[in-house]
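Trainee: Could you walk me through this structure, one question at a time?
Mentor: Gladly, let's look at it together.

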Amino acid sequence: KQFKQIQIKMKAQTIQALLQKCQHWDKDERYMATSDLCAELSKDYKIEANVEKEICIAILKQLDDPSNDVQSIAVKCLGLLIKKAEEAQLLEISDKLCGLIFKGKPELRDVYSIGLKTLILDVPQTTGNALAHRLEPQLFKGVQQDNIIEIKVECLDNLADLMRRFGSKVESNHSSIIDVLCAQLTQEKVAVRKRAINCLGSMALVAQ
């Protein structure tokens, strides 16, 4: 038991050192620290709740990093954190990724979207209700807007996954979601029409 406690303490110290390096002025150091943090998260051991929260804060901050490479590795890191994080952290991550799809760097929009897709597919069932109610209105808004087609496409993709897995949690919104999806079928862009059809297919599995 004492040996296990020493191991936990050493792991915590390793993670704290990496969290410090995540704030380094050199983007290469920040990248390597985030990559090493990914390696730590992939190991099969329990992270203490306070340390887990610090990791979540640090990685979310990396999503605003000036370096595209650091942002990309941070999204990968979130994919691993999802498997260990508590519900509050998962909802915070979903808000951040969804916000970045709308307002982040256009060239990284697909990376943010993959991160959100990973979260939707990997969160535990127990988080489904909270996640569905948190994400559905944001994705719905993205589908409705016509200013940036790429945002519409990514929101349709993620809405399809959300409805397929947790659509039953937002049953009262099914009618309005279906109406907006049907409206997308008249869109000029083939990519939008195809994803709207896919999303309607997801709705058909859960709609009453």
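Mentor: From the N terminus on, the elements run α-α-α-α-α-α-α-α-α-α. Keep in mind that this is a predicted model.

Trainee: What share of the residues in the chain is buried?
Mentor: The C-alpha atoms fill a box of roughly 60 × 40 × 20 Å along the principal axes. A residue counts as buried when its relative accessible area is under 20%. Of the 208 residues in the chain, the buried share is 46%.

Trainee: How are α5 and α7 oriented to each other?
Mentor: Helix α5 covers residues 87-103 and helix α7 covers residues 128-144, and their axes come within 10 Å. Those axes cross at roughly 5°, and angles under 35 degrees count as roughly parallel. The two helices, α5 and α7, are therefore roughly parallel.

Trainee: Which class do seven residues of the contact of α5 with α7 belong to?
Mentor: On the α5 side, the contact is made by E87, L91, S94, D95, C98 and F102, while α7 brings A130, L131, R134, L135, Q138, L139 and G142. Three of the contact residues are polar and three are charged. The class with seven residues is nonpolar.

Trainee: Is T127 buried or exposed?
Mentor: T127 sits in the loop between α6 (109-122) and α7. Leaving aside residues up to four places away in sequence, T127 touches E87 and L90. Its relative accessibility is 3%, and the cut-off for buried is under 20%. T127 therefore counts as buried.

Trainee: Which element gives the largest share of the lining of the largest pocket?
Mentor: This pocket, the largest, has a volume of about 210 Å³. Its lining consists of Q16, L19, Q20, C22, Q23, R30, E54, I57, A58, K61, Q62 and D65. The elements that give two or more residues to this lining are α1 (2-21) and α3 (49-62). The largest share, five residues, comes from α3.

Trainee: And how many charged residues are in the lining of that largest pocket?
Mentor: R30, E54, K61 and D65 are among the lining residues, and Asp, Glu, Lys and Arg count as charged. By class, the lining has four nonpolar and four polar residues, and the number of charged residues is four.

Notes: Residues are numbered from 1 along each chain as its sequence is written. This is a predicted model: local features need pLDDT of at least 70, side-chain atom pairs count only at pLDDT 80 or more; totals for chains, interfaces and linings use all residues. Side-chain values use heavy atoms; hydrogens and water are left out. Axes are lines fitted to C-alpha atoms, for helices over the stretch in contact, and angles run from 0 to 180 degrees between N-to-C directions. Helices (H or I, at least four residues) and strands (E, at least two) are DSSP runs, numbered from the N terminus. Angles under 35 degrees count as roughly parallel, over 145 as roughly antiparallel, 65 to 115 as roughly perpendicular and the rest as oblique. Contact means heavy atoms within 4.5 Å. Buried means under 20% relative accessible area, exposed over 50%, partly exposed in between (1.4 Å probe, protein chains only). On a 1 Å grid over the protein atoms alone, a cavity is a set of points where a 1.4 Å probe fits but cannot get out, and a pocket is an open set with protein on both sides within 12 Å along at least five of seven lines; lining residues have an atom within 4 Å of a point. Grid points are joined across faces, edges and corners, and a volume is the space filled by probe spheres set on the points.
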